[in-house]
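Morning, everyone. Please have a look at the structure first.

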Amino acid sequence: MEPIKITIFQAYLFWENVEKNLQNLALRLSSLREKTDLILLPEMFNTGFTMNVAKCAENMDGPSMRWLYEMSKKFDCVVAGSLIIEEEDKYYNRFVWMSPNGSFVHYDKRHLFCIAKEDEVFTKGKSRIVLQLKGWKICPMICYDLRFPVWSRNQVDGYDLLVYTASWPDTRSAHWRTLIPARAIENQAFVIGVNRVGYDGNEVYYSGGSMCISPIGDVVYYKPEDEDLYTFTLNPKDLENARTQFPFLKDGDNFSIL
């Protein structure tokens, strides 16, 4: 494992306006001056959190996928976030991990937010994935997944970094601020939550609060309220020291998820 540089983009999103969002995100990213390994975007970064799949869904070679590739190539790093994908007459809230060479992998959101009737529109994912970057094992998840500790649970040789890309409303920001540190401590991993800011088309307010928490619960990064583009470095020695000092993972329960 090597030190890894990660850029969180806590963005303002324009409601159901793919073209405007992609233009604005690209403009904001153009201010990025330091080399980074990974740029993380919020949930449904190109539309905001919407159930309007008729207007907002794309396929896997649509404009937002091409944009992800362009940004990844431009900054020579992985660019990742979720968007609405239509595939075989089904809709997915899909996290895409785009590499500079144009290759990509994806994770489909497992837990669909029933309060917003996401479960009536989208098809849930069936499996977790673990990705590799600079020797780090990275497990991506999406927003509502944060509330389900079994799905997020780490096991020996599972992952080193857990990432939640989200559109988490201000009304439940206390839950966000509590659950992300809990996931970091219980799973002995770095945990990143990437949220958005501003109002959406349903007058729901998002106050950001994007953060990175260390395996022992220390705050590496936290930003409420404002749009923010911030880069920080995670050091594998901090992860190794936490797991050596507190070897809790080896005492965990073995289980499988059906």
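A definition to begin with: two strands pair if DSSP finds at least two bridges between them. Strands themselves are DSSP runs of E with at least two residues, helices are runs of H or I with at least four, and both are numbered from the N terminus. This is a predicted model, in which local features need pLDDT of at least 70, side-chain atom pairs count only at pLDDT 80 or more, and totals for chains, interfaces and linings use all residues. Residues are numbered from 1 along each chain as its sequence is written, and side-chain values use heavy atoms, with hydrogens and water left out.

On to strand β9, residues 190–194. Three bridges join β9 to β11 (residues 205–213), and the two run antiparallel. G193 has M211 as its bridge partner in β11. With β8, residues 161–165, β9 runs parallel, joined by five bridges. From β8 the chain passes through helix α6 (residues 173–187) to β9, a right-handed β-α-β crossover; that is, with the strands pointing away from the viewer, the path from the first strand over the helix to the second runs clockwise.

Is β9 covered or exposed? Mostly covered: five of its five residues are buried, meaning under 20% relative accessible area with a 1.4 Å probe, protein chains only. F190, I192 and V194 point one way, V191 and G193 the other.

Last, the rings. A charge sits over a ring if NZ of Lys or CZ of Arg is within 6 Å of the ring centre and within 35 degrees of the ring normal. R94 does this over Y92, 4.9 Å from the ring's centre, and R110 over W151, at 4.6 Å.

Note on methods
Buried means under 20% relative accessible area, exposed over 50%, partly exposed in between (1.4 Å probe, protein chains only).
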